[in-house]
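This report describes one protein model, with its sequence and coordinates displayed below.

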Amino acid sequence: MLSFFPTLYPDELLYSTLARYHIRSGNKNFKQTDLELFGYSSQQVCKVTLTNNLNYLVKNLPLRSQQTVDNLLQNHTLYPFYATFLIPQEAWLLKDSMSKKLSGSILEVAKVATGSSGESKKFLKFCPKCLEEDTQQYGEPYWHRTHQVPGILFCPIHGVVLCDSCVAVESKGIHYYAASLDNCLVITDVKSFTNQALKTLLTLTNDINLLIHSNFAFKGLVWLRTQYQRYLVNKGLLQIFPGGKFKFDEYAFSKLIFDFYGQESLEALNPKLTQHQGKYFSHCLLGCDLNPAIDRITHILMVKFLANSIEAFFQ
Ligand SMILES: [Zn+2]
């Protein structure tokens, strides 16, 4: 049993608390910390945001700890984000996989696209203002969970652009790096956005936050595709003929969705969205149930564009 464990700060990523534990433990290497916390050293590439073996950790916490696996999952990992667009059984499987010692890939269970598409390396993000305020309030900075959610480019508290730290999110090697002034370097040429893009991206931040904190029971990707078709028919972009044949006005659709979000916002979220005249969107629209990985951000953009409201669409 651990002799101590740091108290989790509001919206702190669990990895961040583990990293603060590492510092206080005085352990000479990360592996020793891993063994103390989890009883073994995990090679999961995504354990920074989707930490597994939580049952062991919680049982191992000091006697008076009130901590629960559920609280850690819901409030201190990216589980709620990845649980979106998973049907209840799949979400349960993800939860179960994170609770136990996992031998397979958590990314597969969470249906996350792996970095094979040549995406740039991802780093833990931070908000310069939170960094400053947390240091004042708690005596140390920490990694916020919300800042690590894909598609969230702004700090929801301060409305400023999040910066990349130099701590990699996906890594085969074990590491526990607490946020610090050394790895959170504030660069002066922060990306700036036009007011229009700023508004769009801030709205998206709020939508993603809403989705994470809501409890919609997702009905599956086939259902999702049928919903998309229904909205497209209503918008006059899709015609369905007897026998299952259909005609989709891809050009008009791309134009409308590009106008709705603006090139700049889409580029900032994922450059793939603006390439090849919106083919990526169309692929998600009409073939989403064929792909083993789910691009949640593209779906959120689509839902908002088609239904104008995330809540209305899912209820
Ligand atoms: Zn902030």
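## Domain arrangement

The centres of domain 1 and domain 2, taken over C-alpha atoms, are separated by 30 Å. Domain 1 covers 14–168 and domain 2 covers 215–314 of the protein chain, with bounds that come from an automatic or database domain assignment. In contact across the two domains are 15 residues of domain 1 and 16 residues of domain 2, where contact means heavy atoms within 4.5 Å.

The model is predicted, so local features need pLDDT of at least 70 and side-chain atom pairs count only at pLDDT 80 or more, while totals for chains, interfaces and linings use all residues. Residues are numbered from 1 along each chain as its sequence is written, and side-chain values use heavy atoms, with hydrogens and water left out.

## The zinc site

Four protein donors surround the zinc ion at 2.1 to 2.3 Å: Cys-127 (SG), Cys-130 (SG), Cys-155 (SG) and His-158 (ND1). Donors are N, O and S atoms within 2.8 Å of the metal (3.2 Å for Na, K and Ca); water is not among the atoms, so sites may look incomplete. The angles among the 4 donor atoms are 107 to 112 degrees, and the site is tetrahedral. Four donors count as tetrahedral if all angles lie between 85 and 135 degrees. The ideal angle for four tetrahedral donors is 109.5 degrees.

Along the chain, the donors of the zinc ion follow the spacing C-x2-C-x24-C-x2-H. Cys-127 belongs to the loop between β1 (123–126) and α8 (128–138), and Cys-155 to the loop between α8 and β2 (163–168), so the pair ties together parts that are 28 residues apart in sequence. Helices (H or I, at least four residues) and strands (E, at least two) are DSSP runs, numbered from the N terminus. Cys-127 has 1% relative accessibility and counts as buried; Cys-155, at 0%, also counts as buried. Buried means under 20% relative accessible area, exposed over 50%, and partly exposed in between (1.4 Å probe, protein chains only).

## Aromatic pairs and charges over rings

The model has 25 aromatic pairs. Rings of Phe, Tyr and Trp (its six-membered ring) pair if their centres lie within 6.5 Å; planes under 30 degrees apart count as stacked, over 60 as edge-to-face and the rest as tilted. The rings of Phe-218 and Trp-223 have centres 6.1 Å apart and planes at 90 degrees, so this pair is edge-to-face. Both Phe-218 and Trp-223 are buried. They also belong to a cluster linked by ring pairs, together with Phe-85, Phe-216, Tyr-228, Tyr-231, Phe-313 and Phe-314.

Two lysines have their charged ends over rings: Lys-101 lies 4.5 Å from the ring centre of Tyr-40, and Lys-235 lies 5.2 Å from that of Phe-305. A charge sits over a ring if NZ of Lys or CZ of Arg is within 6 Å of the ring centre and within 35 degrees of the ring normal.

Helix α13 (residues 279–287) is mostly covered, with 7 of its 9 residues buried. These are Tyr-280, Phe-281, Ser-282, Cys-284, Leu-285, Leu-286 and Gly-287. Among the elements covering them are α10 (221–234), β4 (246–248), α11 (250–261), α12 (263–269) and α14 (296–307).

Phe-253 and Phe-281 are both buried. Their ring centres are 6.4 Å apart and their planes are at 80 degrees, so the pair is edge-to-face. Phe-253 lies in helix α11 and Phe-281 in helix α13, so this pair ties together parts that are 28 residues apart in sequence.

## Backbone and loop positions

Asp-11 has a phi near 60 degrees, a positive value in a residue other than glycine. Asp-11 is placed in the segment before α1 (14–25) and is partly exposed, with a relative accessible area of 23%. Lys-111 likewise has a positive phi, near 55 degrees, and is found in the loop between α7 (106–109) and β1. Most residues other than glycine have a negative phi.

Ile-174 is found in the loop between β2 and α9 (195–213). Leaving aside neighbours within four places in sequence, Ile-174 is in contact with Phe-30, Lys-31, Asp-34, Ser-41, Ser-42 and Lys-47. Gly-262 lies in the loop between α11 and α12 and counts as partly exposed at 21% relative accessibility.

Methods. Tetrahedral: all angles 85-135°; square planar, octahedral: opposite > 155°, others 65-115°.
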